[in-house]
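Dear colleague,

I am passing on the structure we spoke about, together with some notes on what came out of it. Please have it open beside the text as you read.

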Amino acid sequence: MSQSVMKKSALKILPGLLCLALPLSSCSSSKPASTAAMTVTPAEQRYREATDRIEKKNYDKAIVILESLMFSTRATDLEDDVLNSLADSYFKKKEYILAADTYRRLLQQTPDSPYARNAQFQLAMSYEKLSPYHELDQEYTVKAISEFTTYLDQYPSDDFGDAASDADMYKKLMEVDPSNASYRQKYEAAMAALSSQSPARYSIQAIPALREKLAHNRYSIARQYAKLKKYQAAEIFYDVVVNQYADTKWIEPAWVGKIDMEIKRGNWFEARQSIETFQQLFPGKGALVEDAAKKVLSHYSNSRDPKSKE
């Protein structure tokens with residue numbers, strides 16, 4: 001059973017325990033106190049069955065139970081438990097579209113849930129898993145970047161900072177009391193957390209990789225249009241890379257492609273400006289646009305265009 005359910009169940013059991021602590025005459029319930037304290041609703045019983053299935057990695061049966069509880073537990077203490085367990089089960093079965101939908105449902109219906117942080121990260125992870133090769137439609141890549149960014153905005157330090165603080169604290173406590181096994185155990189747990197991949201660190205690394213894929217996709221589309229001799233369309237997509245993905249490795253070839261399209265379209269003035277900009281941005285890469293620069297120079301040398309006198 002999840003910690004959330006245990007906490008919620010403890011609140012229900014507490015009155016019964018208090019009743020047992022008082023003289024029996026002071027308890028007016030017609031049922032034995034122990035029976036009242038141990039009462040479990042049908043929904044809670046079914047949820048326990050689902051979590052038992054999850055522990056045994058029998059996700060199919062767990063999903064059937066949890067899906068049946070989605071509406072009956074709406075606006076109850078179990079709502080976020082059911083949604084979180086269902087979303088996790090979908091994710092572990094690699095049903096990422098259903099997982100993303102359920103994590104989003106949890107965030108929308110129970111925004112203050114203790115599962116919200118994990119749900120936001122897993123939502124981004126689900127979209128990342130759905131992100132295809134660069135040649136295909138990149139809808140899910142865009143969504144993954146958006147959700148990882150949202151996670152970092154809402155939880156910039158996450159558990160990594162807590163683990164670092166715990167490790168420092170228990171290290172100092174161990175220096176004071178080296179024989180304390182509890183301090184050592186908690187210190188080792190904090191160090192293990194530090195060595196693992198935290199959600200914030202993963203998000204920070206995932207976003208640039210996803211942006212590389214998007215830039216590659218736009219660059220590939222531009223190349224396809226160029227091969228079809230649709231130079232205007234090609235230039236539009238090269239411009240997308242130049243203007244939106246300057247932090248990727250596709251920025252240089254995109255500039256070269258853009259200049260080539262400007263020359264093929266006879267936009268000599270724009271091509272000259274682009275060559276000058278490229279040389280300023282990449283001073284050691286002038287050879288990449290050397291041929292283009294010669295073509296532009298030759299055009300102005302043989303042209304009577306007034307602009308050639310500039």
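Asp 260 forms a salt bridge with Lys 264, the closest N and O atoms being 3.0 Å apart, where a salt bridge is a side-chain nitrogen of Lys or Arg within 4 Å of a carboxyl oxygen of Asp or Glu. Before going further, please note that this is a predicted model, in which local features need pLDDT of at least 70 and side-chain atom pairs count only at pLDDT 80 or more, while totals for chains, interfaces and linings use all residues. Residues are numbered from 1 along each chain as its sequence is written, and side-chain values use heavy atoms, with hydrogens and water left out.

Asp 260 and Lys 264 are four residues apart in helix 13, which means that about one helical turn separates them; helices here are DSSP runs (H or I, at least four residues), numbered from the N terminus. An α-helix has 3.6 residues a turn, so residues three or four places apart point the same way. Asp 260 is partly exposed, with a relative accessible area of 29%, and Lys 264 is also partly exposed, at 42%. In these notes buried means under 20% relative accessible area, exposed means over 50%, and partly exposed lies in between (1.4 Å probe, protein chains only).

Helix 13 itself covers residues 251–264, has 14 residues and reaches 20 Å from its first C-alpha to its last, close to the 20 Å expected at 1.5 Å a residue; that expected span is 1.5 Å times one less than the number of residues. Its buried residues are Ile 251, Ala 254, Trp 255, Gly 257, Lys 258, Ile 259, Met 261, Glu 262 and Ile 263. The cover over these buried residues includes helix 11 (199–227), helix 12 (231–244), helix 14 (268–281) and helix 15 (290–302), contact being counted when heavy atoms lie within 4.5 Å. After helix 13 comes Gly 266, whose phi is positive, near 75°.

**Other salt bridges**

Over the whole structure, a search finds 15 salt bridges. One of them joins the side chains of Glu 49 and Arg 46, at 2.9 Å from N to O, and both residues lie in helix 3 (residues 42–55), three residues apart, about one turn of the helix. Glu 49 is partly exposed at 24% relative accessibility, and Arg 46 is partly exposed at 32%.

In helix 8 (residues 139–154), Lys 143 and Glu 139 lie four residues apart, about one turn of the helix, and their side chains meet in a salt bridge of 3.2 Å, N to O. Here too both partners count as partly exposed, Lys 143 at 31% relative accessibility and Glu 139 at 40%.

What does the side chain of Glu 147 make a polar contact with? The partner is the side chain of Gln 120, at 2.8 Å, a polar contact being a pair of N or O atoms within 3.5 Å, of which, within protein, one must be able to donate a hydrogen and the other to accept it, and residues adjacent in sequence count only if both atoms are side-chain atoms. Leaving aside neighbours within four places in sequence, Glu 147 is in contact with Arg 104, Gln 120, Leu 123, Ala 124 and Tyr 127.

Tyr 183 is placed in helix 10 (residues 181–195) and counts as partly exposed, at 24% relative accessibility. Not counting residues up to four places away in sequence, Tyr 183 touches Tyr 170, Leu 173, Met 174 and Asp 177; of these, Leu 173 is ten residues from Tyr 183 in sequence and 6.8 Å from it in space, C-alpha to C-alpha.

Most residues other than glycine have a negative phi. Lys 94, however, has a positive phi, near 65°, and lies in the loop between helix 5 (79–92) and helix 6 (96–109). Lys 229, which is not a glycine either, has a positive phi of about 65° and is placed in the loop between helix 11 and helix 12. Lys 94 is exposed, with a relative accessible area of 62%, and Lys 229 is exposed, with a relative accessible area of 62%.

Conventions: Helix = DSSP H or I, 4+ residues; strand = E, 2+ residues; numbered from the N terminus.
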